[in-house]
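Work through the exercises below with the sequence and the model open. Try each task before reading its solution.

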Amino acid sequence: MKKSIFVIAVLTISLLACSQTPPKSVTDNFNSKFSGATKVKWDQEEANEWEAEFKLNGEKLSASFDNAGKWLETETEIKKSNLPENVLSAVNSELEGWKIEAVEKLESHDFTGYELSVEKVKQEFEVQVSADGKIISKKKVNEEEEEDDEK
(Lines give C-alpha, C1' and ligand atoms only; values in the text may rest on other atoms or scores of the structure.)
Protein backbone atom coordinates (compact mmCIF):
# COMPACT_ATOMS: atom_id res chain seq x y z
CA MET A 1 0.00 0.00 0.00
CA LYS A 2 2.79 2.43 0.93
CA LYS A 3 4.57 1.62 -2.31
CA SER A 4 1.40 2.39 -4.33
CA ILE A 5 0.98 5.75 -2.63
CA PHE A 6 4.64 6.57 -3.27
CA VAL A 7 4.33 5.68 -6.98
CA ILE A 8 1.15 7.77 -7.34
CA ALA A 9 2.84 10.72 -5.62
CA VAL A 10 5.89 10.51 -7.89
CA LEU A 11 3.70 10.30 -11.01
CA THR A 12 1.61 13.27 -9.88
CA ILE A 13 4.68 15.40 -9.22
CA SER A 14 6.15 14.39 -12.58
CA LEU A 15 2.96 15.35 -14.41
CA LEU A 16 2.79 18.70 -12.65
CA ALA A 17 6.42 19.44 -13.51
CA CYS A 18 5.82 18.57 -17.17
CA SER A 19 2.66 20.64 -17.37
CA GLN A 20 4.70 23.86 -17.18
CA THR A 21 6.82 23.03 -20.21
CA PRO A 22 5.45 24.57 -23.40
CA PRO A 23 5.45 22.78 -26.75
CA LYS A 24 8.63 23.02 -28.84
CA SER A 25 6.86 25.27 -31.38
CA VAL A 26 6.24 27.79 -28.59
CA THR A 27 9.80 27.80 -27.28
CA ASP A 28 11.23 27.93 -30.82
CA ASN A 29 9.16 30.99 -31.72
CA PHE A 30 9.89 32.61 -28.37
CA ASN A 31 13.64 32.12 -28.84
CA SER A 32 13.43 33.52 -32.36
CA LYS A 33 11.42 36.60 -31.36
CA PHE A 34 13.22 37.29 -28.08
CA SER A 35 16.79 36.09 -28.61
CA GLY A 36 18.92 37.11 -25.69
CA ALA A 37 16.10 36.75 -23.14
CA THR A 38 17.21 35.70 -19.66
CA LYS A 39 15.50 34.39 -16.52
CA VAL A 40 12.68 32.88 -18.60
CA LYS A 41 9.83 31.41 -16.57
CA TRP A 42 6.96 29.64 -18.33
CA ASP A 43 3.36 29.35 -17.15
CA GLN A 44 0.31 27.93 -18.88
CA GLU A 45 -2.32 30.66 -18.70
CA GLU A 46 -5.13 28.72 -20.41
CA ALA A 47 -5.47 25.43 -22.29
CA ASN A 48 -4.16 27.09 -25.46
CA GLU A 49 -2.00 29.90 -24.07
CA TRP A 50 1.54 29.95 -22.71
CA GLU A 51 3.15 32.95 -21.07
CA ALA A 52 6.86 33.55 -20.61
CA GLU A 53 8.07 36.08 -18.06
CA PHE A 54 11.64 37.17 -18.75
CA LYS A 55 14.23 39.91 -18.88
CA LEU A 56 15.57 41.42 -22.07
CA ASN A 57 17.92 44.37 -22.35
CA GLY A 58 17.35 45.24 -18.68
CA GLU A 59 13.55 45.29 -18.96
CA LYS A 60 10.94 42.95 -17.47
CA LEU A 61 8.62 41.52 -20.11
CA SER A 62 6.02 38.84 -20.58
CA ALA A 63 4.96 37.33 -23.88
CA SER A 64 2.04 35.03 -24.70
CA PHE A 65 1.88 32.36 -27.39
CA ASP A 66 -0.74 29.83 -28.43
CA ASN A 67 0.05 26.09 -28.52
CA ALA A 68 1.07 26.31 -32.17
CA GLY A 69 3.70 28.90 -31.25
CA LYS A 70 1.84 31.94 -32.65
CA TRP A 71 2.78 35.10 -30.78
CA LEU A 72 -0.26 36.72 -29.14
CA GLU A 73 1.03 39.70 -27.14
CA THR A 74 3.92 41.24 -25.27
CA GLU A 75 3.73 43.29 -22.07
CA THR A 76 6.69 45.43 -21.02
CA GLU A 77 6.89 46.98 -17.57
CA ILE A 78 7.64 50.69 -17.81
CA LYS A 79 7.90 53.57 -15.37
CA LYS A 80 5.08 56.09 -15.10
CA SER A 81 7.60 58.76 -16.08
CA ASN A 82 8.07 56.99 -19.44
CA LEU A 83 4.39 57.25 -20.41
CA PRO A 84 3.73 59.52 -23.38
CA GLU A 85 2.27 62.87 -22.26
CA ASN A 86 -1.00 62.34 -24.18
CA VAL A 87 -1.59 59.00 -22.42
CA LEU A 88 -0.83 60.45 -19.00
CA SER A 89 -3.09 63.46 -19.67
CA ALA A 90 -5.98 61.24 -20.75
CA VAL A 91 -5.71 59.12 -17.61
CA ASN A 92 -5.33 62.11 -15.29
CA SER A 93 -8.32 63.81 -16.93
CA GLU A 94 -10.58 60.74 -16.88
CA LEU A 95 -9.47 59.46 -13.46
CA GLU A 96 -8.63 62.61 -11.52
CA GLY A 97 -7.35 61.82 -8.04
CA TRP A 98 -6.48 58.19 -8.85
CA LYS A 99 -2.95 56.96 -8.21
CA ILE A 100 -1.13 55.10 -10.96
CA GLU A 101 0.35 51.98 -9.34
CA ALA A 102 1.82 50.12 -12.33
CA VAL A 103 2.27 50.65 -16.06
CA GLU A 104 2.83 48.19 -18.91
CA LYS A 105 3.20 48.75 -22.60
CA LEU A 106 1.04 46.28 -24.55
CA GLU A 107 1.74 45.08 -28.06
CA SER A 108 -0.37 42.60 -30.03
CA HIS A 109 -1.41 42.05 -33.64
CA ASP A 110 -4.32 44.47 -33.31
CA PHE A 111 -3.38 46.81 -30.43
CA THR A 112 -0.46 48.88 -29.26
CA GLY A 113 -0.95 50.92 -26.14
CA TYR A 114 -0.70 50.86 -22.39
CA GLU A 115 -2.29 49.14 -19.43
CA LEU A 116 -2.29 50.97 -16.13
CA SER A 117 -3.28 49.80 -12.67
CA VAL A 118 -4.89 52.73 -10.88
CA GLU A 119 -6.05 52.91 -7.28
CA LYS A 120 -8.19 55.21 -5.15
CA VAL A 121 -9.23 54.50 -1.59
CA LYS A 122 -9.92 50.74 -1.73
CA GLN A 123 -10.82 50.52 -5.42
CA GLU A 124 -8.54 49.37 -8.19
CA PHE A 125 -9.01 49.45 -11.96
CA GLU A 126 -7.05 48.25 -14.96
CA VAL A 127 -7.21 50.89 -17.67
CA GLN A 128 -6.19 50.33 -21.29
CA VAL A 129 -5.15 53.41 -23.22
CA SER A 130 -4.25 53.49 -26.91
CA ALA A 131 -0.94 54.98 -28.01
CA ASP A 132 -2.81 58.07 -29.22
CA GLY A 133 -4.25 58.71 -25.74
CA LYS A 134 -7.78 57.30 -25.99
CA ILE A 135 -9.07 55.29 -23.06
CA ILE A 136 -10.18 51.95 -24.52
CA SER A 137 -11.40 50.18 -21.39
CA LYS A 138 -11.65 50.34 -17.61
CA LYS A 139 -12.02 47.11 -15.70
CA LYS A 140 -12.55 46.92 -11.96
CA VAL A 141 -10.09 44.56 -10.29
CA ASN A 142 -11.79 42.62 -7.59
CA GLU A 143 -9.84 41.66 -4.48
CA GLU A 144 -10.24 37.89 -4.92
CA GLU A 145 -8.66 37.96 -8.41
CA GLU A 146 -5.78 40.04 -7.09
CA GLU A 147 -5.15 37.64 -4.20
CA ASP A 148 -5.22 34.66 -6.62
CA ASP A 149 -2.65 36.38 -8.85
CA GLU A 150 -0.31 36.87 -5.89
CA LYS A 151 -0.31 33.17 -4.95
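The model used here is a predicted one.

**Exercise 1. Which ring does Lys33 lie over, and at what distance from the ring centre?**

Solution. Lys33 lies over the face of Trp71. The distance to the ring centre is 4.3 Å. Trp71 is also one of the 12 residues of a nonpolar core, which includes Phe34, Ala52 and Leu56 as well.

**Exercise 2. Classify the ring pairs of Phe30 with Phe34 and of Phe30 with Phe65.**

Solution. Step 1: a pair of aromatic rings is described by the distance of the centres and the angle of the planes.

Step 1: a search of the whole structure finds seven aromatic pairs. In the pair of Phe30 and Phe34, the ring centres are 5.4 Å apart and the planes stand at 35 degrees, so this pair is tilted.

Step 2: for Phe30 and Phe65 the centres are 6.2 Å apart and the planes are at 80 degrees. Planes over 60 degrees apart count as edge-to-face, so the pair of Phe30 and Phe65 is edge-to-face.

Step 3: locate the second pair along the chain. Phe30 belongs to helix α2 (residues 24-33) and Phe65 to strand β3 (residues 59-65), 35 residues apart, and the pair thus links distant parts of the chain.

Step 4: Phe30, Phe34 and Phe65 form one aromatic cluster together with Trp42 and Phe54.

**Exercise 3. Are Phe30 and Phe65 buried or exposed?**

Solution. Buried means under 20% relative accessible area. Phe30 has a value of 2%, so Phe30 is buried. Phe65 has a value of 1%, so Phe65 is buried.

**Exercise 4. How many salt bridges does the structure hold, and which residue pairs with Glu94?**

Solution. Step 1: the structure holds four salt bridges.

Step 1: Glu94 pairs with Lys138, and their closest N and O atoms are 3.4 Å apart. This pair links distant parts of the chain, with Glu94 in helix α3 and Lys138 in strand β8 (residues 135-140), 44 residues apart.

Step 2: check the accessibility of both partners. Glu94 is partly exposed at 47%, and Lys138 is partly exposed at 43%.

Step 3: Glu101 pairs with Lys99 at 3.9 Å between the closest N and O atoms, and Lys134 pairs with Asp132 at 3.3 Å. Lys134 has 52% relative accessibility and counts as exposed, whereas Asp132 has 47% and counts as partly exposed.

**Exercise 5. Which side chain of opposite charge is nearest to Glu75?**

Solution. Step 1: Glu75 lies in strand β4 (residues 71-78) and is buried.

Step 1: the nearest side chain of opposite charge is Lys139, 11 Å away. A salt bridge needs the charged atoms to lie within 4 Å, so Glu75 has no salt bridge.

Step 2: list the contacts, leaving aside neighbours within four places in sequence. Glu75 touches Lys60, Leu61, Ser62, Glu104, Lys105 and Leu106.

**Exercise 6. Which members of the largest nonpolar core touch the most other members?**

Solution. The core has 14 residues, and Leu83, Val91, Ile100, Leu116 and Val118 touch the most other members. Two or more residues come from each of α3 (85-94), β5 (99-108), β6 (112-120) and β7 (123-130). Beyond four places in sequence, the contacts of Val118 include Val91, Ile100, Phe125 and Val127.

Notes
Residues numbered from 1 in each chain as written. Predicted model: local features only at pLDDT ≥ 70, side-chain atom pairs only at ≥ 80, totals over all residues. Heavy atoms only, no water. Helix = DSSP H or I, 4+ residues; strand = E, 2+ residues; numbered from the N terminus. Buried < 20%, exposed > 50% of the residue type's maximum accessible area, 1.4 Å probe, protein only. Lys, Arg positive; Asp, Glu negative; His and termini not counted. Contact = heavy atoms within 4.5 Å. Core = buried A, V, L, I, M, F, W, Y, C linked by side-chain atoms within 4.5 Å. Phe/Tyr/Trp six-rings, centres within 6.5 Å; stacked < 30°, edge-to-face > 60°. Lys NZ or Arg CZ within 6 Å of the ring centre and 35° of its normal.
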